[in-house]
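Let's take a friendly walk through a protein chain, going from its overall build to a few single residues. Have the viewer ready and follow along.

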Amino acid sequence: MKQLVVAVLAALSMVSCQKILENEAEKNYELNEKEIQSYISANNLTMEKSATGLYYKFTATNPTGLKPNVGDQVSIHYTLFKLNGVGAKIDSTERLKDKPFTYVYGVNSLIPGMDEALSLMRTGDRALLLMNHFLAFGAQSDDILPAYSALGADVELVKVRNENQQIEDYIKEKKLTVTELTSTGLRFIQTTTTTDAKIAQGDVVRVKYTGKLLNDKQFDSGEIQVRLGSGGVITGFEEGISKLRYNEKATLIFPSSLGYGVQGSGNVIMPYSPLLFEIEVLK
């Protein structure tokens with residue numbers, strides 16, 4: 001009976017704490033709204049308000065720009081600032097050095113208000129955002145930004161690249177010559193040739209390989225035994241092997257649909273990551 005009473009009291013305590021947190025969040029939401037309205041009035045702004053409470057104003061538009069889709073690589077410039085003007089700027093990209101922040105849209109998250117704004121934007125668009133704490137950092141706090149703070153942001157969508165564009169840009173930058181572009185999207189780049197026997201379905205081959213992302217970061221290397229046609233390795237890797245003879249080398253570049261897809265692999269290969277493999281088929 002005593003254990004039951006303790007459990008009930010603990011549950012009631014949790015409910016009470018949750019209620020206090022909810023009340024605190026709601027009270028600060030109202031304070032956020034007053035602060036936002038004061039900022040709008042002081043700066044003589046006209047802004048739109050979304051259903052979530054995001055205030056936004058486009059300061060530059062590009063109707064022909066690209067909208068980001070889930071899985072695209074997106075580059076943005078931004079400045080985050082407090083609305084009270086005391087040490088207002090809290091974070092920003094290096095705009096003058098042209099060093100935008102780059103991430104995978106729809107996979108990595110920023111803060112809710114910025115995520116929502118970018119869903120409305122095209123490349124070349126720039127917007128001023130005013131966000132209540134639900135759309136910013138909520139109850140999180142640090143030495144710069146107190147909990148439940150309203151937040152402003154200046155955001156510019158600089159570039160959107162799908163996987164195919166990332167691959168083509170890499171090939172151009174590295175001055176690579178593609179031997180074959182397959183219907184699946186594999187770029188097959190043969191680097192050495194032999195007159196040895198061609199690999200056939202069912203053959204078991206040893207493959208020496210190095211795997212990289214398109215920022216040239218190596219994520220794996222070694223030697224692996226592959227039975228061609230067994231599906232024991234990712235599709236792009238096996239497809240590339242099938243085009244070689246023994247003792248030949250090639251570079252394979254392929255989209256995530258032939259690699260680790262929308263799931264990625266571990267903490268290194270993010271979802272929607274195109275991959276590069278340097279391979280050699282050993283006899």
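## Some ground rules

A residue counts as buried when its relative accessible area is under 20%, as exposed when it is over 50%, and as partly exposed in between, using a 1.4 Å probe and protein chains only. By that rule asparagine 44 is exposed, because its relative accessibility is 70%.

This is a predicted model, in which local features need pLDDT of at least 70 and side-chain atom pairs count only at pLDDT 80 or more, while totals for chains, interfaces and linings use all residues. Residues are numbered from 1 along each chain as its sequence is written, and side-chain values use heavy atoms, leaving out hydrogens and water.

## The whole chain

The chain has four helices and 13 strands. Helices (H or I, at least four residues) and strands (E, at least two) are DSSP runs, numbered from the N terminus. Is the chain a compact globule or more spread out? It is more spread out, because its radius of gyration is 26 Å, well over the 19 Å that the globule rule gives for 283 residues. That radius is taken over C-alpha atoms, and the rule is 2.2 Å times the number of residues to the power 0.38. Along the principal axes, the C-alpha atoms fill a box of roughly 75 × 65 × 30 Å.

Of the 283 residues, 41% are buried. A contact means heavy atoms within 4.5 Å. Among contacts with a separation of 6 or more, 66% link residues 24 or more positions apart.

## A hairpin and its neighbour

Strands of a sheet pair through backbone hydrogen bonds, either parallel or antiparallel. Here, two strands count as paired if DSSP finds at least two bridges between them.

Strand E1 (residues 48-49) and strand E2 (residues 55-60) run antiparallel and are joined by two bridges. Lysine 49 has tyrosine 55 of E2 as its bridge partner. Five residues sit between the strands of this hairpin, and glycine 53 takes a positive phi near 100 degrees there. E2 also pairs with strand E6 (residues 126-131), in the antiparallel sense and over five bridges. In that pairing, tyrosine 55 faces leucine 130 in E6.

How many of the nine residues in strand E3 are buried? Seven are, so the strand (residues 73-81) is mostly covered.

Follow E3 and you will meet several antiparallel partners. Nine bridges connect E3 to strand E7 (residues 151-161), with threonine 79 opposite aspartate 154. Four bridges link E3 with strand E5 (residues 101-104), where glutamine 73 stands opposite valine 104. Three bridges link E3 with strand E4 (residues 89-92), and here phenylalanine 81 stands opposite lysine 89.

Now look for the open sheet of six strands, which come in the order E8-E9-E12-E13-E10-E11 with antiparallel pairing. Strand E8 (180-181) and E11 each have a single partner strand, so one side of each is left without a neighbour in the sheet.

Glutamate 180 has phenylalanine 188 in E9 as its bridge partner.

Most residues other than glycine have a negative phi, and most peptide bonds are trans. Asparagine 44 has a positive phi of about 55 degrees although it is not a glycine. You will find asparagine 44 in the loop between helix H1 (2-42) and E1.

Lysine 175 also has a positive phi, near 55 degrees. Its place is in the loop between helix H3 (163-174) and E8. Lysine 175 counts as exposed, because its relative accessibility is 73%.

## A buried loop residue

Is isoleucine 234 buried or exposed? Isoleucine 234 is buried, because its relative accessible area is 15%. This residue lies in the loop between strand E11 (218-227) and helix H4 (235-241).

Which residues does isoleucine 234 touch, not counting those up to four places away in sequence? They are Phe254, Leu258, Gly259, Tyr260, Leu275 and Phe277. Isoleucine 234 and glycine 259 are 25 residues apart in sequence, yet their C-alpha atoms are 5.5 Å apart in space.
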